[in-house]
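Biologist: Hi, could you walk me through this one? I'm new to it.

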Amino acid sequence: MQSRQEYLSTMRVRYLKARTRQEKSQILDELERTLGYARKYAIATMKPKPEHDKPPAKRTRSLRYRDVMPIV
């Protein structure tokens, strides 16, 4: 499993550096042959990983009618 992850990380770097659609297609074909992935799954694994460092922004209710509302 670790070797598969190493292979995917090197292929991801190659995929992101690829300039033409033909180069990306060749990389995806290689992934299909080597790992047996479906093409759509291979495309999904080649996308850059999202950063989860920042928590989502918390939405707050606007204070538009604050002065009009009765205080309970």
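Modeller: Happy to, and we'll start with some ground rules. This is a predicted model, where local features need pLDDT of at least 70, side-chain atom pairs count only at pLDDT 80 or more, and totals for chains, interfaces and linings use all residues. Residues are numbered from 1 along each chain as its sequence is written, and side-chain values use heavy atoms, with hydrogens and water left out.

Biologist: Great. Is threonine 45 buried or exposed?

Modeller: Threonine 45 is buried, because its relative accessible area is 10% (buried means under 20%, exposed over 50%, partly exposed in between, with a 1.4 Å probe and protein chains only).

Biologist: And what does threonine 45 contact, leaving aside neighbours within four places in sequence?

Modeller: Threonine 45 then touches Leu8, Arg12 and Tyr37, where contact means heavy atoms within 4.5 Å.

Biologist: What about Tyr37, buried or exposed?

Modeller: Tyrosine 37 is buried too, at 14% relative accessible area.

Biologist: New topic: how many aromatic pairs are there?

Modeller: The count is one aromatic pair. Tyrosine 37 pairs with tyrosine 41 edge-to-face, at 4.9 Å centre to centre and 85° between the planes. For the rule, rings of Phe, Tyr and Trp (its six-membered ring) pair if their centres lie within 6.5 Å; planes under 30 degrees apart are stacked, over 60 edge-to-face and the rest tilted.

Biologist: And how accessible is tyrosine 41?

Modeller: Tyrosine 41 is partly exposed, with a relative accessible area of 47%.

Biologist: Last one: how far apart are proline 48 and valine 68?

Modeller: They are 20 residues apart in sequence and 48 Å apart in space, C-alpha to C-alpha. Proline 48 itself counts as exposed, at 55% relative accessibility.
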